[in-house]
Amino acid sequence: MHIVVCVKQVPDTKIIKINPKTNTLDRRSAPAILNPYDAHAVQEAVKIIEKTGGTISVLSMGPPQATAVIKKSIEIGADRGYLISDRAFAGADTLATSYALSKALERIGKDLPVDMVICGKHAIDGDTGQVGPGIARRMDIPPVTNVIEVTEVNEQEKTVLIKRKSTNGNELIQADLPCLLTVEKEINNIEYSPLPNMIKAVRYEPVIWTVADLENVECTQLGLKGSPTIVGKMFTPPKPEGGKRLEGSSDEQVKQLMGILMEKKELLTLQSSK
Amino acid sequence: MPEKFDVIVVGAGPAGTACALQTARAGLKVLLIERGEYPGSKNVMGGVLYRKQLEELIPEFWKEAPLERPIIEQRFWMLDKESVVSFGYKGLEWGAEPYNNFTILRAQFDQWFAQKAVEAGALLINETVVTECIVENSKVIGVRTDRPDGELYADVVVLADGVNSLLSKQLGFHKEFRPDEVALTVMEVINMPKEKINDRFNLEENQGTTIEIFGDSTKGNLGTAFLYTNKESLNIGVGTTLSSMIKARLKPYDLLDYLKNHPLVKPILQGGESAEYLAHLIPEGGFRSVPKVAGNGVLVVGDAAQLVNAIHREGSNMAMYSGKLAAEAVIKAKERNNYSESSLNSYREALYGSFIMKDLEKYKDAAHIFEKHPQYFKEYVPMMNKAMSKFFTVDGTPKRDKQKQIMKSITAERGTIRVIQDMYRAWKAVK
């Protein structure tokens, strides 16, 4: 079994500041971390490989300092790491990113065929959730999104049984291998890494590929050139104003509330139409 | 079989990193273990780093290290409720190479320093707590961490795990420290535009000031407060011995609040924005509290060995120097292939022969005497303030009469014999 996990280095959006003039993220204001969903993706790969045996590779695209998230993945339990890093990849949107990653996956697969790709649900800096399915489409393998449990991997039959979250409940799906999963946080808990992994991670030197190391690459599909996305406008949503607080005895509060509801009937209709 | 290193250093503060740096430079296989997310993330100090001992490790470090400001002025305040007697020294020679000391922010500095050890070949593992030393036949042979499969072996384990070193306590090198052997210090980093700092402290861009504040800053208890200038922030903090805090029923954050709102301090902080709040214990037991520092396969350095000179606010420099001395002892032990206590004792000898232990010995009674006789901070500081006020207020009284009145009021308050006793005792404590 060979699982490739796609990971991304992101600014910690819990603490990042937004430049009030340009409305862009001030990336210096927050440390760069492994995208939390991707950490769960690596952890899930570790759980699967514990049962089946095999190899976990991690793949990332980014500047040279993105090797930090590959090392973090090694701590969690990955075996190898690849970083594609080149000026030509810079400025990529989700379309160009999934193209570049699928080309790198092709290259990885030449050395050791890939049975499964796992991605996080989305990156916390972009929140699009498009790169995972984009890779699956280009590799022509089934994408299974919002995965909350990998129930069973059958290596003989080359199938996998998966539980995924949907708006109407959970779905149990059987997919053929190879396939691509994008995982939710509740799929697992990140384990406290064993000490040998920590030491391995510190010593590990990820493989770094430039465009020249990948094969059959259409350069017009890379980076800014290959990115049709146009960002029209960026803005910080206004902070919601505090609600109105009703005071007094419960009877008085109910009375006040009824008054408000009778006055603003649209509040009721809006709720029911949802 | 878990991996074996030549040296495992526990704690990536100034002492541990200095030791890791020097042993790695000598070609030893070194593992540096840090419990924080990164070196410096859990470390606290007022903020003054002396140049000399770091320069011995990294010549001209000021050209690359993340430093705040070189200190060109050191002020001392004897603070009363609404007045202060101050003195100090300002010298432009401290603003040029080779400098005397700098303010630093530990979260940045420690990361940089640890990176130097990594570049020299040491392995740095973060977010890992060493829970105990592995002891076999009364010899330390490795460490056990809180991680799964978390055991590692080494010829020597260097304990740089900071004040309240649990690891050296487990080995029986010292007892639980008494409340009068440690100070509790709380501090805040207050952001302020550099123009404001330069104006308020009368400084140029690359110049800094430190102020040590005695007296009312600790409500007369044994301790000090400090106010240091960084590039675009101020460090303000206050600490007293834990025993004083217990005795006076002080809450550390109340004390810091009191200081920040003191009428002579408040205007300096006006318009600043609190950015960080930190608290830490400081080992201040001095010479008599220094534990056993060398054992079979183990050495103790820095705060873990209580190497702090509270009177001269020296600690990080001593930590680095002790780390360097420990490294030299380890390298020698490796040459002999003998890691027994008698072999590693060369560290103890070097430490006791160095300025570190000589300085600690000089002040070995100071803290004890000031703790036992609170009048120095409680009574003499206000007396000094009253005396200065009287002396400099022009009210038609001849100066000689004023001097007499001042002397009289001092002896009336404390009694002539006690004043003489106090002076003699203080002189003896610091001579």
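The exercises below, each with a worked solution, concern two chains and their contact.

This is a predicted model, in which local features need pLDDT of at least 70, side-chain atom pairs count only at pLDDT 80 or more, and totals for chains, interfaces and linings use all residues. Residues are numbered from 1 along each chain as its sequence is written, while chains are lettered from A and ligands numbered from 1 in the order in which they are written.

**Exercise 1.** Describe chain A by its secondary structure and its buried residues.

Solution. Step one: chain A holds 7 helices and 13 strands, where helices (H or I, at least four residues) and strands (E, at least two) are DSSP runs numbered from the N terminus. Step two: of the 274 residues in chain A, 35% are buried, that is, 20 or more other C-beta atoms, placed from the backbone, lie within 10 Å of the residue's own.

**Exercise 2.** Determine how many residues each chain gives to the contact between chain A and chain B.

Solution. Step one: residues are in contact if their C-beta atoms, placed from the backbone, lie within 7 Å. Step two: chain B supplies 11 residues and chain A supplies 9 residues. Step three: on the side of chain B that touches chain A, strand β7 (residues 123–125) of chain B gives the most, with 3 residues.

**Exercise 3.** State how far apart the centres of domain 2 and domain 3 of chain B lie.

Solution. Step one: domain 2 of chain B covers 179–283 and domain 3 covers 367–430, with bounds from an automatic or database domain assignment. Step two: taken over C-alpha atoms, their centres are separated by 26 Å.

Note on methods
Contact = placed C-beta atoms within 7 Å. Buried ≥ 20, exposed ≤ 12 C-beta atoms within 10 Å, placed from the backbone.
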